Amino acid sequence: MLKRNRIVKFKEMLIEKLLLCCSLLSVFTTAAIIYVLLSESVGFFKEVRIIDFLTDTQWTPLFTNKHFGILPLLCGTLLTTLIAIGVAVPVGLISAIYLSEYATVKMRHITKPLLEILAAVPTVVYGYFALLFVTPLLKKFIPGLSGFNALSAGLVMGIMIIPLVSSLSEDAMHAVPMGLREGAYALGSHKIQVAFKIVFPAALSGITAAVILAVSRAIGETMIVAIAAGQQPKFTLNPLVPIETITAYIVQISLGDTPHGTLEYQTIFVCGTTLFILTFALNVISFKLKRRFQEIYE
Amino acid sequence: MSKRKLDKRMDSVFKAVGLAVTLFGLLVLAALLIDVVMDGYQRISWDFFTSYPSRKPEQAGILSAWVGTLWIMLTTALLAIPLGVGSGIYLEEYARRNKLTDFIEINIANLAGVPSVIYGILGLGLFIRLMHLDRSVLAGGLILALLILPVIILTTREALRAVPSSIREASYALGATQWQTIRHQVLPAGFGNILTGIILAMSRAIGETAPLITIGALTYIPFLPANPVAFSPESPYIHLSAQGFLDPFTVLPIQIFNWVSRPQKGFLTDAAAGIIVLLTITLLMNGAAIFLRYKNQKRW
Amino acid sequence: MDRDVIIQIEKADSFYGTKQILKNITLNIYAKAVTSLMGPSGCGKSTLIRCLNRMNDLVPRFRLEGKILYKGLDLYSRDVDITDLRREIGMVFQKPNPFPKSIYENVAYGIRIQGVTNGEFIDGIVEESLKKAALWEEVKDRLHESALSLSGGQQQRICIARALAVKPQVILFDEPCSALDPMATAKIEELITELKKNYTIIVVTHNTAQAARVSDFTAFLYLGDLIEVGPTGKIFTVPQDKRTEEYLTGKFG
């Protein structure tokens, strides 16, 4: 009695190690992403000077006169992202404040899941919606609008990321201790003062983390821009004309049959690397901010 | 007007604005649903589900697309659920706080934010070039499994964290080992919430397009992956085959994208009809998840 | 009184990280008797009882120095199987914590995980344990309903039945009545008195009256020190230490 059972012990240890392996898979995935991106990008930068890649204002890998300047694609990405954030941040934040400070519990229970559905709609559906509903609608007010444009793609993308901004910000505001609010109410403050002067500033780092994550999501969003924003890399901030984002280019080149080993093929990976660096940096900042926020209140 | 009165006025103004803005998103959602249904409902018919894509819009269907979606989802689920739940269990129940755990956690948080198209590029380099899986169901399933893995891990962890530690203690006090405690008490207690997470993750995978396009899945597929089970009149009567996992495929969102990018009006109608099918699946899954979450809230 | 010593605690010091919780505790627990560990909250009585079935092993950075012998065997030696140990020394917790399963499954769990699959045998154990826990009559017609549907007192008796089902020698009660109303408390206390015929029982309580009612021996702990220990009658009538007397008369606690 009370003697160690070796078989049971061994089984327990085996299970733990097996589960550890599952967890290590995520480390492996990250490593594989970095390896795949870099190994092909290295080949690309043997052909194209890094300075040209960063400063050339033309991106024409599929033409006879090839240029490999990332700026037009970056510009397209920046443009659609700005428009999307312009929609998602104000709408998301106001919703969050409303839901966290004003709405009744019942209202919140009904509205939150409904808003989440906005994020669950497949992006290809949003692409269709942007191309065939929003653009024709906008054309009635903006006669010069092209069939493919950054504006409607960006607007629809903004709608898609509203729930991301609103639910993460609401979580942050929810985490602000009741005591802070009660203190202000006890001094005779109105809801609006409490919301904007107490809760909002207290939750600011959490809210910032949400906004940064939204930016990262917008930069990485693919199908909406691939369908509705066009395939013309242009170094412009005009939202009314066709442009191309980094992600849309990746889709465009994947659609053709680009032979492995060519420079065109390698552009997929260079664009992927650029995209990865951008989103990774934003995600890390957002993660750090969120941790700091949690350390304060939890 | 006094300051207090102004504040009071502002309060009610914001209340109205807040409500309007919150409802704005829902309004757009409604517009989207109405638009799609108006565009596509007349194409929904039995034939639409039983026909292959075609050059003639009025004869085109989604047979290969929905069967492919089924295959891909099966593969994704088989890979992602055990790996994701296993990883979640490890991190929540076993892992001690140390550098390795910290590193894994940051890793998962970052992976959750990597754009889906990057997973496609990973698949292109790893599964297509290196492992020569071609544009197969297996390659597609692997990519989507890696894509939704972080979501499943994070929701599993949350679900397990919500299981009160008193249940673990009770189990240990009866002489259960750690794995017995997890297997018989903690997992069943957290099951509802884990399932919610899995459904949401799978509903996301169903709608993913970009990563599958990246591995070149946008080719015309006028056939289905090989049946996993076939019957014959003679012995052994039932034949099992894994060949289907290695066959090429298309999925619903890719078929929709294909139709959206055609200039002919007829194909846009097909796209809208495809969207109706896809949205029905996604919304049903999300509805189920919301229902489950609601049901699970009322415990402890 | 001539009784067998079943557990010997020898010079036990325990720590959470660098914080010392128990200071040089030496205490004998007698078989088939009720021993109360009494003291104000934070005195270490819960920590001490959780050392006896090694529940503290679950707490990171917990450390124990000194020895705890069970039937002469060092509980903290490398050779001891912790799961067997916990079957020998069962535990009932402060708040009733039935599993979110049926009444039947709650009681059957402990033997099921030992690999027992014989349905009739399990049925028998479940009935026997529920009877010992004085719950059989109340639940025999609804064994397959959720244990969470029972009242708090009934839930606590389920937890007792669950502990009895694995046939322990010792049962640890960690403030078993602190979440219960007076009626339910009386039932549990009655049950403890009944159970001591066959089991060694250790009860943690901060309720002096309860200690007086149920226990044969009482140990008084204060700020991690064992102040005094002895037969309950003696402790309550002629306490040796001033602090014990003050605690019993309600001057602190």
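In this predicted model, helix H5 (residues 116-130) and helix H6 (residues 137-161) of chain B pack at an angle of about 135 degrees, with their axes 9 Å apart. Helices here (H or I, at least four residues) and strands (E, at least two) are DSSP runs, numbered from the N terminus. Axes are lines fitted to C-alpha atoms, for helices over the stretch in contact, and angles run from 0 to 180 degrees between N-to-C directions. The angle makes H5(B) oblique to H6(B); angles under 35 degrees count as roughly parallel, over 145 as roughly antiparallel, 65 to 115 as roughly perpendicular and the rest as oblique. The crossing of H5(B) over H6(B) is right-handed (a crossing is left-handed if the near helix is turned anticlockwise from the far one by less than a right angle, and right-handed if clockwise). On H5(B), the contact is made by B:Ser116, B:Tyr119, B:Gly120, B:Gly123, B:Phe127 and B:Ile128. These residues meet B:Ala139, B:Leu142, B:Ile143, B:Leu146 and B:Leu147 of H6(B), two residues being in contact if their C-beta atoms, placed from the backbone, lie within 7 Å. By class, the contact of H5(B) with H6(B) has eight nonpolar, three polar and no charged residues. For this count, Ala, Val, Leu, Ile, Met, Phe, Trp, Tyr, Cys and Pro are nonpolar, Asp, Glu, Lys and Arg are charged, and the others, Gly among them, are polar.

As for the model itself, local features need pLDDT of at least 70 and side-chain atom pairs count only at pLDDT 80 or more, while totals for chains, interfaces and linings use all residues. Residues are numbered from 1 along each chain as its sequence is written, and chains are lettered from A and ligands numbered from 1 in the order in which they are written.

Chain B as a whole holds eleven helices and two strands, arranged along the sequence in the pattern α-α-α-α-α-α-α-α-α-β-β-α-α. Its C-alpha trace spans about 70 × 65 × 40 Å along the principal axes. Of the 300 residues in chain B, 52% are buried; a residue is buried if 20 or more other C-beta atoms lie within 10 Å of its own, exposed if 12 or fewer, and partly exposed in between, with C-beta atoms placed from the backbone. Among contacts in chain B with a separation of 6 or more, 75% join residues 24 or more positions apart.

Chain B also touches both other chains described here. With chain A, 70 residues of chain B are in contact with 71 residues of chain A. Helix H1 (residues 6-47) of chain A gives the most to the chain A side, with 18 residues. That side has 48 nonpolar, 19 polar and four charged residues. The contact of chain B with chain C takes 15 residues from chain B and 19 residues from chain C. On the chain C side, helix H2 (82-88), strand S6 (89-92) and helix H3 (103-112) each supply at least two residues, and H2(C) provides the largest share, four residues. By class, the side of chain C that touches chain B has nine nonpolar, five polar and five charged residues.

Within chain A, the axes of helix H7 (residues 178-186) and helix H8 (residues 191-202) come within 10 Å and cross at roughly 150 degrees. That makes H7(A) roughly antiparallel to H8(A). H7(A) passes H8(A) in a right-handed crossing.

Turning to chain C, an open sheet of six strands has the order S6-S7-S8-S3-S9-S10, with mixed pairing; two strands pair if DSSP finds at least two bridges between them. S6 and strand S10 (225-231) stand at the edges, each with a single partner strand, so one side of each is left without a neighbour in the sheet. From one strand to the next, the twist averages 15 degrees. Strands S7 (residues 170-174) and S8 (residues 200-205) of chain C pair in the parallel sense over five bridges, and C:Phe173 has C:Val203 in S8(C) as its bridge partner. Helix H7 (residues 182-195) of chain C lies across strand S3 (34-38), S7 and S8 of chain C, running at about 150 degrees to S8(C).

Strand S9 (residues 217-222) of chain C is mostly covered, with six of its six residues buried. S9(C) pairs with S3(C) in the parallel sense over four bridges and with S10(C) in the antiparallel sense over six bridges. In the hairpin of S9(C) and S10(C), which has two residues between the strands, C:Leu223 takes a positive phi near 50 degrees.
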